[in-house]
Amino acid sequence: MKIKAVMVGQPNVGKSSIINAISGARLHVGNFAGVTVEKKEVFIKKDGYDIEIVDLPGIYSLHAYTPEEQVAKRYLIEENYDIIINVVDANVLQRNLVFTLQLLDMRKPTILVVNMIDEVEKQGGRIDGEKLSKLLGIPVILTSAKEKRGVDEILSTLIKVKESAKCECNIYYNEKIEEEIEELSKILLKSPHFSDKNQARFYTIRLLEKDEDIYKVVHDLPIFLELHEALGKSIRRLQLEFDVEDVKDLFADERSALARNIVMQVMELERSETLTDKIDKILIHPVFGLPIFLFFMWALFQLTFEIGSIPMDYIDAAFTNFADWLKTILPPGDINSVITDGVIPAVGAIIMFLPNILILFLGINLLEQTGYMARAAFLLDGFLKKFGLQGKAFIPLVSGFGCTVPAYMAARTLKNPKDRIITMLILGFMSCSARLPVYVLFIAAFFPTHSAGNILFIIYISGAIMGLIMAKILRTVLFKGEPEPFVMEMPPYRFPSLKALGMELWIKAKLFIKKAGTFIAGASMVVWFLSSYPVNESIVKAYEAKIAQAPKEQKIQLENELQAKLLEHSYLGQVGKAIEPVFAPLGFDWRMSVAVLSGWAAKEVVVSTLATLYSVGEADESSQTLIQKLRQNVDFKAAIALIVIIMIYSPCIAAMSTFWAEVPQWAWRTFYMIYPNVVAWLAAFGVYNVLEWMGF
């Protein structure tokens, strides 16, 4: 027997925490068909049932605005499933119940999960679950995902509801409204498209609320003309009866009144100053709030560098030893060389930065789970408005420090199209974790260890400041007007779920390792091939003769010169020479130019490309590290210029494809492919010349 359920609720109600708390569940993560919205599915076996739960994106209302809300609404209305699991936050029960009442209009088997009940009880409050169940006519489960309380009851209730296969919803609207619903439903039921009274009722309510998606469905039905005329009359009667301009507002008022009445009957709450209130007095203080936030960010980057650098040498040594061992096992030739000189060093050069990336992701996840991220958005709203951005833009901007792909998706929370497109156009200035390996490498090569964390912080802050300046320019020149007012829910502070944190880090690590083992390994093979062929036989013969006659102490030097010459005449050397004039004003040689070019595919590939280019022909063990090679071959001014380029220019192919999916206008797509690269070159050129003027 199979049960298919959908889990739905407003954002930040703890759906993911509930899924993580369900024991023995298998989690599949993908995308909904045809869109970039993330889809989570959980598969569980219980009492002979195969249970599938689809976790829908957060949705405030069936009046959907953002792409996530559209996906959730479409799934609820169009897909086949057995049961709705509606998760609500006990702390804001009244507001969440307004959406619950919209769901109950569907008259589908529904379970209400009231999450975070422990937080209400800590404030001296209580919710009467049994009474709430009677008033709504559906099963109600009081849960605390953090304490794993009531979570297992969800599965057993799912089975009971499936076996009863009915919804005894008790919710009805004002008598006059119900009369209009009844009359319009009769017309819909004349069409074979509607075989169910409940479906006809739901569609009628949505039509009265002027739902365009539902209107499109009924538009092509034979009964449309009759329905259209009757619908117009019903709307006019309701407008006159209740003295409203829009019937949608009438339903909103009805649901708000019902939700308020229900909460008054089932909830007792002794309101006093909570721990959240006390903490907020400090963390969102009008004077100290911003410095405290900047301190948290500085501390995060210090930890990212200091702790993340500890295992780097061990990982590097492990890959080097593995490559040396494999070199003795595999037969000599091109296959041996491509694996031991190309793939393994390149992948190793990336994997060694995994600890840094995981620490950065951990910090961002902690900010989100504790509830501080929303406060930071509130705190920075006034500051961001000066640059033409809305306070909510802070969420995608901070997400951009982790990965630009989900940051583009997070921009969907901005309902104003102008606010959304400006935010998306500057997200590339927020240094994603893929750029971190490049920063760590160059900081280690050109700065003292004791100042590494501070330099990393300065790089991230500088990118963010440049992004804000670009936002101001875009708002002034291309998007005139003020950003929307800031409205956002402030969740109570919560202790983060260690399991949820662990799960997120595991998913990020798995994706990163998969990327390193596939895309980056493939890219490094291409770089190895281009750097190894064609072999200039005349150069080889000339140097072999010199090496044969040279004394022992000069042989290593001549061998390194031979490898450098061969590399310069390879396909990669030819490409580098061709594009070198573009980057020459920045002090780049052809190797650096090629590395920048490879970064358009993925920023991590910059490191693996440099590792391949500078490791060819090394024989002396003391000069094998990439850091030493960079110190020997790259000027300090050019190194800083490269950091500036990496900090600003276009994000990777995966991120750009996401931008294209989110922004259908070709004008903005084309603009975004050009302007960050022009700005990056100009900024790098300026920095290089300033440093030269200063005598570096």
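Visitor: Is Pro 109 buried or exposed?
Guide: This is a predicted model, in which local features need pLDDT of at least 70 and side-chain atom pairs count only at pLDDT 80 or more, while totals for chains, interfaces and linings use all residues. Residues are numbered from 1 along each chain as its sequence is written, and side-chain values use heavy atoms, with hydrogens and water left out. Buried means under 20% relative accessible area, exposed over 50%, and partly exposed in between (1.4 Å probe, protein chains only). Pro 109 has a relative accessible area of 16%, so Pro 109 is buried.

Visitor: How far apart in space are Pro 109 and Cys 167?
Guide: Pro 109 is found in the loop between H3 and S6. In sequence, Pro 109 and Cys 167 are 58 residues apart. From C-alpha to C-alpha, their separation in space is 4.6 Å.

Visitor: What is the phi of Arg 107, in the loop between helix H3 and strand S6?
Guide: Helix H3 covers 93-104 and strand S6 covers 110-115; helices (H or I, at least four residues) and strands (E, at least two) are DSSP runs, numbered from the N terminus. Arg 107 counts as buried because its relative accessibility is 10%. Although Arg 107 is not a glycine, its phi is positive, at about 55°.

Visitor: How far apart are the end C-alpha atoms of helix H6?
Guide: Helix H6 has 14 residues, 151-164. The expected span of a helix is 1.5 Å times one less than its number of residues, so H6 should span 20 Å. The model agrees with this, for the end C-alpha atoms are apart by 21 Å.

Visitor: Is Ile 465 buried or partly exposed?
Guide: Ile 465 is found in helix H22, residues 452-477. Together with Ile 469, Ile 473, Val 477 and Leu 478, Ile 465 makes a nonpolar surface patch of about 430 Å². Such patches are made of residues with over 30% relative accessible area and no salt bridge, with nonpolar side chains (Val, Leu, Ile, Met, Phe, Trp, Tyr) joined within 5 Å and like charges within 9 Å; a salt bridge is a side-chain nitrogen of Lys or Arg within 4 Å of a carboxyl oxygen of Asp or Glu. Because its relative accessibility is 45%, Ile 465 counts as partly exposed.

Visitor: How many residues has the largest nonpolar core?
Guide: A nonpolar core is a set of buried Ala, Val, Leu, Ile, Met, Phe, Trp, Tyr and Cys residues joined through side-chain atoms within 4.5 Å. In the largest one, the residues with the most contacts inside it are Phe 394, Phe 442, Phe 588 and Leu 630. The number of residues in this core is 102.

Key:
Areas by Shrake-Rupley, 256 points an atom, 1.4 Å probe, with all protein chains shown as cover.
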